[in-house]
Amino acid sequence: MSGQRLTILGATGSIGSSTLDVIAQHPQRFELFAVTAHSNVTAMEAICQRFTPSYAVMVDEQAANRLREALADKPEITVLAGAQALLEVSAASEVDQVMAAIVGAAGLAPTLAAVKAGKRVLLANKEALVMSGQLFMDAVQHYGAELLPVDSEHNAIFQCLTTHAQSTLGQVDLEAEGISKILLTGSGGPFLNLPVNQLNQQTPAAACKHPNWSMGQKISVDSATMLNKGLEYIEARWLFNCRREQLDIVIHPQSVIHSMVQYSDGSVLAQLGQPDMKTPIAHCMHYPHRRSSGVKALDFTQLGALTFVTVDEQRYPCLRLAQQACWQGQAATTALNASNEIAVENFLAERIQFGQISEVCDRVLQQLQMPALGSIDDVVAFDQKVRRVAFECVEALT
Ligand code: NAD
Ligand code: MG
(Lines give C-alpha, C1' and ligand atoms only; values in the text may rest on other atoms or scores of the structure.)
(Ligands and ions follow the chains in the order given, each with its own letter.)
Protein backbone atom coordinates (compact mmCIF):
# COMPACT_ATOMS: atom_id res chain seq x y z
CA MET A 1 0.00 0.00 0.00
CA SER A 2 1.35 3.45 -0.81
CA GLY A 3 0.80 5.90 2.02
CA GLN A 4 -1.05 9.18 2.15
CA ARG A 5 1.21 11.92 0.78
CA LEU A 6 1.53 14.98 2.96
CA THR A 7 2.71 18.55 2.68
CA ILE A 8 3.45 20.25 5.98
CA LEU A 9 3.26 24.04 5.81
CA GLY A 10 5.24 25.32 8.80
CA ALA A 11 7.16 22.08 9.39
CA THR A 12 9.75 23.62 11.74
CA GLY A 13 7.14 24.91 14.18
CA SER A 14 5.49 23.35 17.19
CA ILE A 15 2.55 21.84 15.24
CA GLY A 16 4.87 20.92 12.38
CA SER A 17 7.15 18.89 14.62
CA SER A 18 4.23 17.14 16.34
CA THR A 19 2.95 16.21 12.87
CA LEU A 20 6.36 14.78 11.98
CA ASP A 21 6.26 12.73 15.21
CA VAL A 22 2.92 11.24 14.16
CA ILE A 23 4.30 10.41 10.70
CA ALA A 24 7.34 8.74 12.29
CA GLN A 25 5.02 6.35 14.11
CA HIS A 26 3.27 5.25 10.93
CA PRO A 27 5.97 5.27 8.23
CA GLN A 28 4.02 2.83 6.04
CA ARG A 29 0.86 4.98 6.09
CA PHE A 30 2.32 8.42 5.37
CA GLU A 31 4.80 9.73 2.90
CA LEU A 32 6.25 13.22 3.24
CA PHE A 33 5.91 15.05 -0.07
CA ALA A 34 6.96 18.55 1.02
CA VAL A 35 7.95 20.54 4.09
CA THR A 36 8.08 24.32 4.32
CA ALA A 37 9.54 26.87 6.71
CA HIS A 38 10.30 30.55 6.85
CA SER A 39 14.06 30.66 7.52
CA ASN A 40 15.23 28.11 10.12
CA VAL A 41 17.83 26.19 8.11
CA THR A 42 19.15 24.08 11.00
CA ALA A 43 15.71 22.75 11.87
CA MET A 44 14.84 22.18 8.22
CA GLU A 45 18.06 20.33 7.52
CA ALA A 46 17.40 17.99 10.44
CA ILE A 47 13.87 17.27 9.12
CA CYS A 48 15.24 16.59 5.62
CA GLN A 49 17.94 14.25 6.90
CA ARG A 50 15.37 12.33 8.93
CA PHE A 51 12.46 12.12 6.48
CA THR A 52 13.84 12.76 2.95
CA PRO A 53 10.80 14.64 1.56
CA SER A 54 10.65 15.29 -2.21
CA TYR A 55 10.57 19.07 -1.67
CA ALA A 56 11.81 21.46 1.01
CA VAL A 57 10.70 25.09 0.71
CA MET A 58 12.32 28.04 2.48
CA VAL A 59 10.45 31.32 2.11
CA ASP A 60 13.68 33.23 2.71
CA GLU A 61 15.90 33.02 -0.41
CA GLN A 62 19.22 33.07 1.44
CA ALA A 63 18.00 30.38 3.80
CA ALA A 64 17.11 28.28 0.74
CA ASN A 65 20.64 28.70 -0.61
CA ARG A 66 22.14 27.59 2.69
CA LEU A 67 19.79 24.60 2.82
CA ARG A 68 20.81 23.59 -0.72
CA GLU A 69 24.45 23.56 0.34
CA ALA A 70 23.68 21.64 3.52
CA LEU A 71 21.75 19.02 1.53
CA ALA A 72 24.35 18.53 -1.19
CA ASP A 73 24.52 14.84 -0.20
CA LYS A 74 20.72 14.45 -0.74
CA PRO A 75 20.07 15.08 -4.43
CA GLU A 76 16.63 13.41 -4.14
CA ILE A 77 15.37 16.49 -2.23
CA THR A 78 14.55 19.55 -4.33
CA VAL A 79 14.97 22.81 -2.41
CA LEU A 80 12.66 25.65 -3.50
CA ALA A 81 12.64 29.30 -2.42
CA GLY A 82 10.01 32.00 -1.98
CA ALA A 83 6.36 32.36 -1.04
CA GLN A 84 5.12 31.24 -4.48
CA ALA A 85 6.66 27.80 -3.90
CA LEU A 86 4.41 27.37 -0.83
CA LEU A 87 1.41 27.50 -3.14
CA GLU A 88 2.94 24.96 -5.51
CA VAL A 89 3.68 22.32 -2.87
CA SER A 90 0.21 22.85 -1.35
CA ALA A 91 -1.64 22.33 -4.60
CA ALA A 92 0.62 19.71 -6.24
CA SER A 93 -1.32 16.80 -7.76
CA GLU A 94 0.79 14.26 -5.82
CA VAL A 95 -0.49 15.57 -2.45
CA ASP A 96 -3.38 14.03 -0.48
CA GLN A 97 -3.24 15.96 2.80
CA VAL A 98 -1.93 19.42 3.69
CA MET A 99 -1.14 20.31 7.29
CA ALA A 100 -1.72 24.09 7.47
CA ALA A 101 0.58 25.04 10.37
CA ILE A 102 2.11 28.37 9.35
CA VAL A 103 1.54 30.98 12.05
CA GLY A 104 -0.49 34.09 11.23
CA ALA A 105 -1.80 35.72 8.07
CA ALA A 106 1.18 34.38 6.07
CA GLY A 107 -0.64 31.04 6.07
CA LEU A 108 -3.74 32.27 4.24
CA ALA A 109 -2.57 32.00 0.62
CA PRO A 110 -0.91 28.56 0.86
CA THR A 111 -3.82 27.15 2.88
CA LEU A 112 -6.28 28.45 0.30
CA ALA A 113 -4.14 26.95 -2.46
CA ALA A 114 -4.67 23.55 -0.81
CA VAL A 115 -8.40 24.23 -0.49
CA LYS A 116 -8.67 25.22 -4.16
CA ALA A 117 -6.87 22.03 -5.16
CA GLY A 118 -9.53 20.05 -3.26
CA LYS A 119 -7.15 18.53 -0.72
CA ARG A 120 -7.79 17.18 2.74
CA VAL A 121 -6.77 20.27 4.70
CA LEU A 122 -5.79 19.87 8.35
CA LEU A 123 -6.32 23.36 9.72
CA ALA A 124 -4.10 24.54 12.58
CA ASN A 125 -3.59 28.04 11.14
CA LYS A 126 -6.67 29.63 12.74
CA GLU A 127 -5.65 33.14 11.64
CA ALA A 128 -6.32 32.16 7.99
CA LEU A 129 -9.94 31.32 8.80
CA VAL A 130 -10.42 34.30 11.14
CA MET A 131 -9.28 36.77 8.49
CA SER A 132 -11.39 35.35 5.67
CA GLY A 133 -14.34 33.55 7.36
CA GLN A 134 -17.21 33.02 4.95
CA LEU A 135 -14.96 33.33 1.88
CA PHE A 136 -12.78 30.51 3.22
CA MET A 137 -15.75 28.25 4.03
CA ASP A 138 -17.31 28.99 0.61
CA ALA A 139 -14.05 27.98 -1.07
CA VAL A 140 -13.98 24.71 0.89
CA GLN A 141 -17.44 23.88 -0.39
CA HIS A 142 -16.91 25.15 -3.93
CA TYR A 143 -13.68 23.22 -4.52
CA GLY A 144 -14.77 20.08 -2.66
CA ALA A 145 -11.92 20.22 -0.14
CA GLU A 146 -12.14 18.21 3.07
CA LEU A 147 -11.55 20.48 6.07
CA LEU A 148 -10.54 18.92 9.41
CA PRO A 149 -9.93 21.07 12.49
CA VAL A 150 -6.60 20.55 14.27
CA ASP A 151 -7.03 23.23 16.94
CA SER A 152 -7.65 21.08 20.02
CA GLU A 153 -10.96 22.74 20.96
CA HIS A 154 -12.42 22.53 17.46
CA ASN A 155 -11.11 19.03 17.04
CA ALA A 156 -12.83 18.10 20.33
CA ILE A 157 -16.12 19.63 19.17
CA PHE A 158 -15.78 17.90 15.79
CA GLN A 159 -15.34 14.56 17.60
CA CYS A 160 -18.58 15.21 19.54
CA LEU A 161 -20.65 15.73 16.34
CA THR A 162 -22.53 13.20 14.21
CA THR A 163 -20.82 12.08 11.00
CA HIS A 164 -23.45 14.05 9.09
CA ALA A 165 -22.47 17.25 10.88
CA GLN A 166 -18.78 16.40 10.45
CA SER A 167 -19.24 16.17 6.70
CA THR A 168 -21.07 19.52 6.40
CA LEU A 169 -18.70 21.84 8.27
CA GLY A 170 -19.57 25.46 7.67
CA GLN A 171 -23.21 24.72 6.91
CA VAL A 172 -24.31 22.43 9.71
CA ASP A 173 -27.76 23.22 11.12
CA LEU A 174 -27.00 22.93 14.83
CA GLU A 175 -30.65 23.02 15.84
CA ALA A 176 -31.56 20.21 13.45
CA GLU A 177 -28.65 18.24 14.94
CA GLY A 178 -30.24 18.67 18.38
CA ILE A 179 -27.36 20.89 19.55
CA SER A 180 -28.17 23.77 21.89
CA LYS A 181 -24.65 25.04 22.58
CA ILE A 182 -21.01 24.70 21.64
CA LEU A 183 -18.89 25.14 24.78
CA LEU A 184 -15.31 26.21 24.13
CA THR A 185 -12.99 25.58 27.04
CA GLY A 186 -9.82 27.55 27.74
CA SER A 187 -7.20 27.30 30.46
CA GLY A 188 -7.04 31.04 31.14
CA GLY A 189 -3.31 30.99 30.37
CA PRO A 190 -0.37 31.78 32.66
CA PHE A 191 -1.95 34.89 34.23
CA LEU A 192 -5.25 33.38 35.35
CA ASN A 193 -4.60 34.04 39.03
CA LEU A 194 -2.24 37.02 38.86
CA PRO A 195 -3.53 40.24 40.48
CA VAL A 196 -4.89 42.34 37.57
CA ASN A 197 -2.72 45.33 38.53
CA GLN A 198 0.43 43.24 37.89
CA LEU A 199 -0.52 42.22 34.35
CA ASN A 200 1.15 45.14 32.64
CA GLN A 201 4.65 44.37 34.00
CA GLN A 202 4.65 40.81 32.64
CA THR A 203 7.58 39.97 30.36
CA PRO A 204 7.46 38.00 27.08
CA ALA A 205 9.14 35.08 28.86
CA ALA A 206 6.41 35.02 31.52
CA ALA A 207 3.66 35.32 28.90
CA CYS A 208 5.13 32.40 26.91
CA LYS A 209 5.22 30.09 29.92
CA HIS A 210 1.90 28.32 29.45
CA PRO A 211 0.87 26.12 32.39
CA ASN A 212 -0.36 23.15 30.28
CA TRP A 213 0.67 23.41 26.61
CA SER A 214 4.01 23.86 24.87
CA MET A 215 3.47 26.03 21.76
CA GLY A 216 4.98 28.64 19.43
CA GLN A 217 5.58 32.15 20.82
CA LYS A 218 2.73 33.97 19.09
CA ILE A 219 -0.02 31.59 20.19
CA SER A 220 1.50 31.51 23.69
CA VAL A 221 1.13 35.29 24.02
CA ASP A 222 -2.38 35.00 22.54
CA SER A 223 -3.17 32.47 25.28
CA ALA A 224 -1.96 34.88 27.95
CA THR A 225 -4.23 37.69 26.63
CA MET A 226 -6.91 35.07 25.82
CA LEU A 227 -7.10 36.55 22.34
CA ASN A 228 -6.35 32.97 21.35
CA LYS A 229 -9.75 32.00 22.76
CA GLY A 230 -11.20 34.99 20.91
CA LEU A 231 -9.73 33.78 17.60
CA GLU A 232 -11.03 30.31 18.43
CA TYR A 233 -14.48 31.75 19.12
CA ILE A 234 -14.47 33.25 15.60
CA GLU A 235 -13.02 30.02 14.19
CA ALA A 236 -15.83 28.01 15.85
CA ARG A 237 -18.46 30.37 14.51
CA TRP A 238 -17.37 29.58 10.93
CA LEU A 239 -16.61 25.88 11.31
CA PHE A 240 -19.81 25.02 13.15
CA ASN A 241 -22.08 27.70 11.68
CA CYS A 242 -22.99 29.05 15.15
CA ARG A 243 -25.29 31.90 16.03
CA ARG A 244 -24.26 34.10 18.94
CA GLU A 245 -26.48 32.33 21.47
CA GLN A 246 -25.09 28.93 20.42
CA LEU A 247 -21.48 29.67 21.40
CA ASP A 248 -20.03 30.06 24.91
CA ILE A 249 -16.62 30.07 26.57
CA VAL A 250 -15.80 28.56 29.94
CA ILE A 251 -12.46 28.58 31.76
CA HIS A 252 -11.19 25.13 32.69
CA PRO A 253 -7.68 25.57 34.13
CA GLN A 254 -6.59 21.89 33.90
CA SER A 255 -6.98 21.58 30.08
CA VAL A 256 -8.25 18.00 30.34
CA ILE A 257 -11.63 18.63 28.69
CA HIS A 258 -10.77 20.14 25.31
CA SER A 259 -14.33 21.42 24.60
CA MET A 260 -17.94 20.24 24.76
CA VAL A 261 -21.20 20.04 22.84
CA GLN A 262 -24.47 20.46 24.71
CA TYR A 263 -27.46 18.66 23.17
CA SER A 264 -31.09 19.71 23.64
CA ASP A 265 -31.94 16.55 25.62
CA GLY A 266 -29.56 17.68 28.37
CA SER A 267 -26.62 15.51 27.32
CA VAL A 268 -23.20 17.10 27.15
CA LEU A 269 -20.54 15.34 25.06
CA ALA A 270 -16.94 16.23 25.84
CA GLN A 271 -13.58 15.12 24.47
CA LEU A 272 -10.86 14.57 27.07
CA GLY A 273 -7.18 13.88 26.73
CA GLN A 274 -3.64 14.90 27.61
CA PRO A 275 -2.76 18.46 26.57
CA ASP A 276 -0.70 17.19 23.63
CA MET A 277 -1.41 18.29 20.05
CA LYS A 278 -0.37 14.90 18.68
CA THR A 279 -3.85 13.62 19.62
CA PRO A 280 -5.89 16.03 17.45
CA ILE A 281 -3.22 15.90 14.72
CA ALA A 282 -3.33 12.09 14.57
CA HIS A 283 -7.13 12.20 14.68
CA CYS A 284 -7.19 14.36 11.56
CA MET A 285 -4.44 12.45 9.74
CA HIS A 286 -6.11 9.05 10.25
CA TYR A 287 -9.74 10.23 10.06
CA PRO A 288 -12.18 8.46 10.06
CA HIS A 289 -9.98 5.77 11.67
CA ARG A 290 -8.38 5.89 15.10
CA ARG A 291 -4.75 4.92 15.49
CA SER A 292 -2.04 5.53 18.04
CA SER A 293 -0.65 9.06 18.33
CA GLY A 294 2.10 8.28 20.81
CA VAL A 295 0.26 10.21 23.55
CA LYS A 296 -0.12 8.37 26.82
CA ALA A 297 -3.61 7.60 28.09
CA LEU A 298 -5.27 9.76 30.74
CA ASP A 299 -5.02 8.21 34.18
CA PHE A 300 -8.20 9.24 35.99
CA THR A 301 -6.84 8.10 39.35
CA GLN A 302 -4.07 10.71 39.03
CA LEU A 303 -6.12 13.58 37.60
CA GLY A 304 -7.46 15.40 40.62
CA ALA A 305 -10.27 17.93 40.38
CA LEU A 306 -11.58 19.33 37.12
CA THR A 307 -12.78 22.88 37.75
CA PHE A 308 -14.63 25.53 35.75
CA VAL A 309 -14.90 29.31 36.14
CA THR A 310 -16.49 32.14 34.19
CA VAL A 311 -14.26 34.52 32.22
CA ASP A 312 -13.18 37.70 34.04
CA GLU A 313 -13.67 40.38 31.34
CA GLN A 314 -11.42 42.90 33.08
CA ARG A 315 -8.49 40.52 32.99
CA TYR A 316 -8.96 39.63 29.32
CA PRO A 317 -10.01 42.76 27.34
CA CYS A 318 -8.79 41.11 24.09
CA LEU A 319 -11.39 38.39 24.42
CA ARG A 320 -14.22 40.90 24.59
CA LEU A 321 -12.84 42.67 21.49
CA ALA A 322 -12.83 39.37 19.60
CA GLN A 323 -16.38 38.48 20.60
CA GLN A 324 -17.59 41.90 19.49
CA ALA A 325 -15.67 41.72 16.21
CA CYS A 326 -17.05 38.24 15.52
CA TRP A 327 -20.63 39.51 15.20
CA GLN A 328 -19.69 42.86 13.71
CA GLY A 329 -18.55 41.50 10.35
CA GLN A 330 -15.63 40.23 8.29
CA ALA A 331 -13.57 43.44 8.23
CA ALA A 332 -13.64 43.68 12.03
CA THR A 333 -12.16 40.21 12.51
CA THR A 334 -9.58 40.78 9.76
CA ALA A 335 -8.61 44.04 11.51
CA LEU A 336 -8.45 42.43 14.92
CA ASN A 337 -6.23 39.63 13.67
CA ALA A 338 -3.82 41.96 11.84
CA SER A 339 -3.55 44.50 14.68
CA ASN A 340 -2.96 41.69 17.16
CA GLU A 341 -0.16 40.23 15.02
CA ILE A 342 1.59 43.62 14.98
CA ALA A 343 0.99 44.18 18.71
CA VAL A 344 2.28 40.72 19.71
CA GLU A 345 5.37 41.10 17.51
CA ASN A 346 6.16 44.39 19.26
CA PHE A 347 5.43 42.97 22.71
CA LEU A 348 7.83 40.07 22.01
CA ALA A 349 10.44 42.64 20.89
CA GLU A 350 9.82 44.45 24.21
CA ARG A 351 8.70 47.62 22.47
CA ILE A 352 5.27 47.69 24.12
CA GLN A 353 3.92 46.36 27.42
CA PHE A 354 1.59 43.41 27.87
CA GLY A 355 -1.46 45.60 28.54
CA GLN A 356 -0.78 47.60 25.39
CA ILE A 357 -1.58 44.61 23.17
CA SER A 358 -5.29 45.10 23.80
CA GLU A 359 -4.85 48.88 23.62
CA VAL A 360 -3.38 48.66 20.11
CA CYS A 361 -6.17 46.33 18.94
CA ASP A 362 -8.87 48.47 20.52
CA ARG A 363 -7.53 51.72 19.04
CA VAL A 364 -7.19 50.24 15.56
CA LEU A 365 -10.73 48.83 15.66
CA GLN A 366 -12.10 52.20 16.82
CA GLN A 367 -10.16 54.17 14.27
CA LEU A 368 -10.83 52.21 11.08
CA GLN A 369 -13.79 52.37 8.74
CA MET A 370 -14.86 48.78 8.15
CA PRO A 371 -15.26 48.13 4.41
CA ALA A 372 -17.15 45.23 2.83
CA LEU A 373 -14.65 42.49 1.91
CA GLY A 374 -16.01 40.61 -1.07
CA SER A 375 -12.93 38.69 -2.17
CA ILE A 376 -9.66 37.30 -0.83
CA ASP A 377 -7.83 40.13 -2.63
CA ASP A 378 -9.96 42.61 -0.62
CA VAL A 379 -9.06 40.74 2.57
CA VAL A 380 -5.33 40.82 1.82
CA ALA A 381 -5.37 44.51 0.89
CA PHE A 382 -7.31 45.41 4.04
CA ASP A 383 -4.98 43.27 6.20
CA GLN A 384 -2.00 45.27 4.85
CA LYS A 385 -3.74 48.57 5.53
CA VAL A 386 -4.57 47.55 9.10
CA ARG A 387 -0.94 46.57 9.71
CA ARG A 388 0.17 50.08 8.74
CA VAL A 389 -2.38 51.67 11.09
CA ALA A 390 -1.44 49.28 13.91
CA PHE A 391 2.24 50.03 13.41
CA GLU A 392 1.58 53.78 13.68
CA CYS A 393 -0.36 53.07 16.84
CA VAL A 394 2.61 51.13 18.29
CA GLU A 395 4.96 53.99 17.34
CA ALA A 396 2.71 56.45 19.15
CA LEU A 397 2.92 54.32 22.29
CA THR A 398 6.72 53.91 22.31
P1 NAD B 1 5.44 28.15 15.48
O2 NAD B 1 5.84 29.57 15.63
O3 NAD B 1 6.02 27.13 16.37
O4 NAD B 1 5.73 27.70 13.95
C5 NAD B 1 5.34 28.49 12.88
C6 NAD B 1 5.77 27.89 11.55
O7 NAD B 1 5.38 28.82 10.52
C8 NAD B 1 7.27 27.69 11.40
O9 NAD B 1 7.52 26.52 10.66
C10 NAD B 1 7.73 28.92 10.59
O11 NAD B 1 8.87 28.68 9.79
C12 NAD B 1 6.52 29.15 9.71
N13 NAD B 1 6.40 30.57 9.33
C14 NAD B 1 6.44 31.66 10.16
N15 NAD B 1 6.30 32.79 9.45
C16 NAD B 1 6.15 32.42 8.15
C17 NAD B 1 5.97 33.15 6.94
N18 NAD B 1 5.92 34.49 6.91
N19 NAD B 1 5.84 32.45 5.79
C20 NAD B 1 5.89 31.10 5.79
N21 NAD B 1 6.07 30.35 6.91
C22 NAD B 1 6.20 31.02 8.08
O23 NAD B 1 3.84 28.13 15.54
P24 NAD B 1 2.89 26.94 16.10
O25 NAD B 1 2.73 27.07 17.55
O26 NAD B 1 3.30 25.65 15.50
O27 NAD B 1 1.50 27.41 15.47
C28 NAD B 1 1.20 27.25 14.09
C29 NAD B 1 -0.28 27.54 13.86
O30 NAD B 1 -1.04 26.55 14.54
C31 NAD B 1 -0.75 28.89 14.43
O32 NAD B 1 -1.71 29.43 13.59
C33 NAD B 1 -1.37 28.52 15.77
O34 NAD B 1 -2.39 29.42 16.16
C35 NAD B 1 -1.94 27.15 15.46
N36 NAD B 1 -2.09 26.27 16.64
C37 NAD B 1 -0.99 25.93 17.35
C38 NAD B 1 -1.12 25.11 18.47
C39 NAD B 1 0.09 24.67 19.27
O40 NAD B 1 -0.06 23.88 20.20
N41 NAD B 1 1.30 25.12 18.95
C42 NAD B 1 -2.39 24.66 18.85
C43 NAD B 1 -3.49 25.04 18.10
C44 NAD B 1 -3.33 25.84 16.98
MG1 MG C 1 -6.69 25.80 20.70
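This is a predicted model: local features need pLDDT of at least 70, side-chain atom pairs count only at pLDDT 80 or more; totals for chains, interfaces and linings use all residues.
How are α6 and α11 oriented to each other?

Figure 1. Residues are numbered from 1 along each chain as its sequence is written, while chains are lettered from A and ligands numbered from 1 in the order in which they are written. Two packed helices are described by the angle between their axes and the distance between the axes. Helix α6 (residues 126–142) and helix α11 (residues 227–239) pack at about 25°, and their axes are 9 Å apart. Helices (H or I, at least four residues) and strands (E, at least two) are DSSP runs, numbered from the N terminus; axes are lines fitted to C-alpha atoms, for helices over the stretch in contact, and angles run from 0 to 180 degrees between N-to-C directions. α6 and α11 are therefore roughly parallel to each other (under 35 degrees is roughly parallel, over 145 roughly antiparallel, 65 to 115 roughly perpendicular, and the rest oblique). Their crossing is left-handed, that is, the near helix is turned anticlockwise from the far one by less than a right angle, whereas clockwise would be right-handed. The contact (C-beta atoms, placed from the backbone, within 7 Å) involves residues of α6 including Leu 129, Val 130 and Met 137, and residues of α11 including Leu 231, Ile 234 and Trp 238. By class, the contact of α6 with α11 has six nonpolar, one polar and four charged residues; Ala, Val, Leu, Ile, Met, Phe, Trp, Tyr, Cys and Pro count as nonpolar, Asp, Glu, Lys and Arg as charged, and the others, Gly among them, as polar.

**Figure 2. Crossing of helix α15 and helix α17.** The axes of α15 (residues 330–348) and α17 (residues 376–397) come within 8 Å and cross at roughly 45°. The two helices α15 and α17 are therefore oblique to each other, and their crossing is right-handed. Among the contacting residues are Ala 335, Ala 338 and Ile 342 of α15, with Phe 382, Val 386 and Phe 391 of α17. This contact of α15 with α17 comprises eleven nonpolar, three polar and two charged residues.

**Figure 3. The shell around ligand 1.** Of the 26 residues around ligand 1, those that come nearest are Gly 10, Gly 13, Ala 106, Met 215 and Gly 216 (a residue is near if its C-beta atom, placed from the backbone, lies within 6 Å). The shell contains 13 nonpolar, nine polar and four charged residues. Helix α1 (14–25), α6 and α10 (217–225) each supply at least two residues, and the largest share, three residues, comes from α1.

Figure 4. An unreviewed UniProt entry places the feature "binding site" at Asp 151, Glu 153 and Glu 232; UniProt positions are given in the numbering used here, feature names are shortened, and annotations may be inferred rather than shown by experiment. These residues span 82 residues in sequence, yet no two of their C-alpha atoms are more than 8.3 Å apart, so they gather at one spot. Asp 151 lies in the loop between β7 (146–149) and α7 (152–159).

**Figure 5. Two backbone details.** Most residues other than glycine have a negative phi, and most peptide bonds are trans. Tyr 287 and Pro 288 are joined by a cis peptide bond, with omega about 5°. Pro 288 is in the loop between α12 (278–286) and α13 (300–303). Thr 52, in the loop between α2 (41–51) and β3 (55–58), has a positive phi near 45°.

Definitions and conventions:
Two residues are in contact if their C-beta atoms, placed from the backbone, lie within 7 Å.
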